[in-house]
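These are my notes from a first look through one structure, kept in the order in which I looked things up.

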Amino acid sequence: MRRYLLTLAWVLWAHEMGMMGDKVVDRGYTAIDSFETRQLCHAAMADYAALRLVRQGAVRIDFSCLPEKTDPRSPRTATG
């Protein structure tokens with residue numbers, strides 16, 4: 001009997017938003033690092049948040065841990 005090991009990496013993402021006048025501007029997502037477990041990803045996310053880079057003036061950065069197959073960047077669509 002063969003056993004298969006399912007490995008799933010977790011990716012730490014940063015979502016940056018900024019203010020331009022009175023408008024919130026989505027500056028997009030950046031993959032920061034990948035981890036073997038969700039717990040390791042969450043530990044790193046807590047470390048990044050503790051650096052106090054999350055809010056610097058008009059820029060805000062939110063962090064999230066997602067499975068490697070999940071991309072938080074939604075497809076861009078044209079709006080008219």
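**Entry 1, the disulfide.** I began with the link of Cys41 and Cys65, which is left-handed, with -100° about the S-S bond. The model I am reading is a predicted one, and I keep that in mind for every value below. In this model Cys41 and Cys65 form a disulfide with their sulfur atoms 2.1 Å apart, and the count of disulfides comes to one. I then looked up where the two partners sit: Cys41 belongs to helix 1 (residues 38-50) and Cys65 to strand 4 (residues 59-67), so that the pair, 24 residues apart, links distant parts of the chain. A disulfide is a covalent bond between the sulfur atoms of two cysteines.

Helix 1 has 13 residues and reaches 18 Å from its first C-alpha to its last, which is close to the 18 Å expected at 1.5 Å a residue. Which residues of helix 1 are buried? I found Cys41, Ala44 and Met45 to be buried there, and because they cover an arc of only 105° around the axis, they lie on the same side of helix 1. An α-helix has 3.6 residues a turn, so residues three or four places apart point the same way.

The face of helix 1 turned away from its buried side carries the exposed residues Gln39, Asp47 and Ala50. When I looked for what covers the buried residues of helix 1, I found that the cover includes strand 1 (10-20), strand 2 and strand 4.

Tyr29 is partly exposed, because its relative accessible area is 26%. What is Tyr29 in contact with, leaving aside its neighbours within four places in sequence? With those neighbours set aside, I noted contacts of Tyr29 with Trp13, Ala14, His15, Pro72 and Arg73. With His15 there is also a polar contact, made between the side chain of Tyr29 and the side chain of His15 at 3.5 Å. Lastly I checked Tyr29 against Met17: the two are 12 residues apart in sequence, and their C-alpha atoms are 9.3 Å apart in space.

Technical notes: Residues numbered from 1 in each chain as written. Predicted model: local features only at pLDDT ≥ 70, side-chain atom pairs only at ≥ 80, totals over all residues. Heavy atoms only, no water. Disulfide = S-S within 2.5 Å. Helix = DSSP H or I, 4+ residues; strand = E, 2+ residues; numbered from the N terminus. Buried < 20%, exposed > 50% of the residue type's maximum accessible area, 1.4 Å probe, protein only. Contact = heavy atoms within 4.5 Å. Polar contact = N/O pair within 3.5 Å; in protein donor to acceptor, adjacent residues only side chain to side chain. Expected span 1.5 Å × (residues − 1). Arc of directions from axis to C-beta.
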